[in-house]
Amino acid sequence: MTTEQFRSTYHPHLIWTGLPQVFEDCYELLVTKDTIAVHICYLLGASTLERALGNLYLTLSNVRQCPSLLRDLLTTVELKQCLGAELMFCLQCLIGPPVGLNLRNLIWHGFPYPGEIPTEFGY
């Protein structure tokens, strides 16, 4: 898939994040097959997604502050009702608490070597 095909296919689905360009730039970087691209894209995508989920939570709930920890945000009833329990479970497994893969924290702290995490996780 070309970058333009990615944009035309996924841009409408990424607008809610407020930063669809981040995901489009990450795709462009991932297709270069650079070994560090997965790490960069995973961190950019996870932080953008975390911010978007927090904004969505604040929109859906009657509170003035969202949970400060991602693991708590991913278990909120409001997000499960809006996005579905299956998607929230998937997010918990990939970027959530230490009982999942917790790739976000592993990459953030520099544990995996470049090329050690499959490119598919960057998409």
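Where does Ser-61 lie? Select Ser-61 and look: the residue lies in the loop between H3 and helix H4 (70–73). Helices here are DSSP runs (H or I, at least four residues), numbered from the N terminus.

Before moving on, note that this is a predicted model, in which local features need pLDDT of at least 70, side-chain atom pairs count only at pLDDT 80 or more, and totals for chains, interfaces and linings use all residues. Residues are numbered from 1 along each chain as its sequence is written, and side-chain values use heavy atoms, with hydrogens and water left out.

**Stop 1: Ser-61**

Stay on Ser-61. Its relative accessible area is 9%, so Ser-61 is buried. Buried means under 20% relative accessible area, exposed means over 50%, and partly exposed is in between (1.4 Å probe, protein chains only).

**Stop 2: H3 and H6**

Select helix H3 (residues 37–60) and helix H6 (residues 85–95). Two packed helices are described by the angle between their axes and the distance between the axes. H3 and H6 pack at about 135 degrees, with their axes 12 Å apart. That angle makes H3 oblique to H6. Axes are lines fitted to C-alpha atoms, for helices over the stretch in contact, and angles run from 0 to 180 degrees between N-to-C directions. Angles under 35 degrees count as roughly parallel, over 145 as roughly antiparallel, 65 to 115 as roughly perpendicular and the rest as oblique.

Which residues make the contact? Show Tyr-42, Ala-46, Leu-49 and Leu-53 of H3, then Leu-91, Leu-94 and Ile-95 of H6. Contact means heavy atoms within 4.5 Å. The contact of H3 with H6 has seven nonpolar residues, no polar and no charged. Ala, Val, Leu, Ile, Met, Phe, Trp, Tyr, Cys and Pro count as nonpolar, Asp, Glu, Lys and Arg as charged, and the others, Gly among them, as polar.

**Stop 3: H2 and H3**

On the H2 side, show Val-22, Phe-23, Cys-26, Leu-29 and Leu-30. Among their partners in H3 are Ala-37, Val-38, Cys-41 and Leu-44. The contact of H2 with H3 has 11 nonpolar, two polar and no charged residues.

Next, colour the buried residues of H2, including Pro-20, Glu-24 and Tyr-27. What covers the buried residues includes helix H1 (3–14) and H3.

**Stop 4: Lys-33**

Go to the loop between helix H2 (20–30) and H3, where you will find Lys-33. Is Lys-33 buried or exposed? Its relative accessibility is 62%, so Lys-33 counts as exposed. Check the backbone too: phi of Lys-33 is near 65 degrees, a positive value in a residue other than glycine. Most residues other than glycine have a negative phi.

**Stop 5: the two end segments**

Select Met-1, in the segment before H1. Met-1 is exposed, at 54% relative accessible area. Tyr-27 is 26 residues from Met-1 in sequence, yet 9.9 Å away in space, C-alpha to C-alpha.

Finish at Glu-116, in the segment after helix H7 (103–108). Glu-116 is partly exposed, at 49%. Its side chain reaches the backbone nitrogen of Tyr-113 at 2.7 Å.

Notes. Helix = DSSP H or I, 4+ residues; strand = E, 2+ residues; numbered from the N terminus. Polar contact = N/O pair within 3.5 Å; in protein donor to acceptor, adjacent residues only side chain to side chain.
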